[in-house]
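Reader: Please present the model, so that its salt bridges may be discussed.

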Amino acid sequence: MSARPNPEAAARQAENTDPHRAGFACFVGRPNAGKSTLTNALVGRKVAITSNRPQTTRHTVRGIVHRPDAQLILVDTPGLHKPRTLLGERLNDIVRTTWAEVDVIGFCLPADQKLGPGDKYIVKELAGIKKTPKIAIITKTDLVESKQLAEQLLAVSRLGEELGFEWAEIIPVSAVKDRQVELLADLIAPLLPEGPPLYPEGDLTDEPEMVMVAELIREAALEGVRDELPHSIAVVVEEMLPREDRPADKPLLDIHANVYIERPSQKGIIIGPKGKRLKDVGTKSRKHIEALLGTPVFLDLHVKVAKDWQRDPKQLRKLGF
C-alpha cells in the first residue's frame, strides 16, 4: 500500500531545491537617511556606527546576513553629498565605485522628510545604472502617520517614472521598531545571483577589528559635541595587544588609540572639564568594544591635533582615507 503524500514535506522538499543565492546589496541615500541603522537591524548586531549627525559613515562597511536560502552582503556607503573638502570628494568616489560593483541597490528615503534636491540628485545618478535592480526603501516609518507615509511612497514612485525607470520594489520599514526589516531581506534575496555563500557561517562583517574598534570610539566621541566638530574627528587604533602575565581565565586586551582633531582649540571640547568628556568617551566605547570582541578591555585614549586633515592628502592617507 503506498503512503499518503505529506503536503508539508513536499513543500519543504520544493524549498530545498531552490538555488542558493549570494551577493552584494548597498544602501544609498543622502546623509542621515537611516542606512547604517538599517544595516545593523538586518545583520542583528552593530557593524556600522550610527549617529544623528549627517555624514557619519566614512568606510564601506559590509554586514553579512545569513539565511537558509541566501547570503546578503550589505555594503553601507557614506551618504552622497555636495563635497566641500578633499575628504568629501573621496567619500563620494567610494559611493560611485560601490554602486558599480553591487547586485542590488537600495535607495533610502526617510519617511519624515520631503523628497529634496539631494534625493533627486541621487536617483538621477541611479537612473544611469541600467542593469542593477533598484529598491526604494522608505525608512523611519515609526516617525510618521499613515497619510504622510502614503504620500512619500507615491512621491518616490513618481520620481522613478519621471527619470524613466521602474523600482524593483518599494517598501516602507522601521529599523528602530523592527517593522518589515525581515520582509526587506525577503525582497532582496531573489534579486541576488545564484551561488554558494561567500563568507563562512557566523561571520557578520569583513571589516578589520581595529577599524571597527576605531569606529566605536569615534561614535562615542561624536555624542554631545558642537555642530562644527563631527567632521573634524578621526580615530586611529595604534595597538591592540593581550596583556602579558594574565591568567588564562582573566584575559585583558590593551588598546591604545588616538583621537585626532584639526585645531588645537578643539582639544578642550573633546577632553572636557578635568578630562570628563574623554573619560565618558572611553567608558561608553569600551562597553561596545568588549561586546564586539568578547573580552575585557583596557582602553588608553589620547587626543592629538592633525592640522586641517580633511583637506590635506598626506594627513588623509595617514588617517586611512
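Reader: Why are Arg 218 and Glu 215 separated by about one helical turn?

Author: Helices here are DSSP runs of H or I with at least four residues, and strands are runs of E with at least two, numbered from the N terminus. The side chains of Arg 218 and Glu 215 meet in a salt bridge at 3.2 Å, N to O, the term denoting a side-chain nitrogen of Lys or Arg within 4 Å of a carboxyl oxygen of Asp or Glu. The separation is about one helical turn because the two are 3 residues apart in helix α7.

Reader: On what basis do these values rest?

Author: Side-chain values use heavy atoms, without hydrogens and water, and residues are numbered from 1 along each chain as its sequence is written. Local features need pLDDT of at least 70, side-chain atom pairs count only at pLDDT 80 or more, and totals for chains, interfaces and linings use all residues, for this is a predicted model.

Reader: Is Asp 119 buried or exposed?

Author: Asp 119 forms a salt bridge with Arg 30 (2.7 Å, N to O). Asp 119 lies in helix α4 and Arg 30 in the loop between β1 and α2, so the pair ties together parts 89 residues apart in sequence. Buried means under 20% relative accessible area, exposed over 50%, and partly exposed in between (1.4 Å probe, protein chains only). At 0% relative accessibility, Asp 119 counts as buried.

Reader: How many salt bridges does the count come to?

Author: Arg 67, Asp 69, Glu 182 and Asp 186 are linked in a network of salt bridges. By the rule already stated, the count comes to 11.
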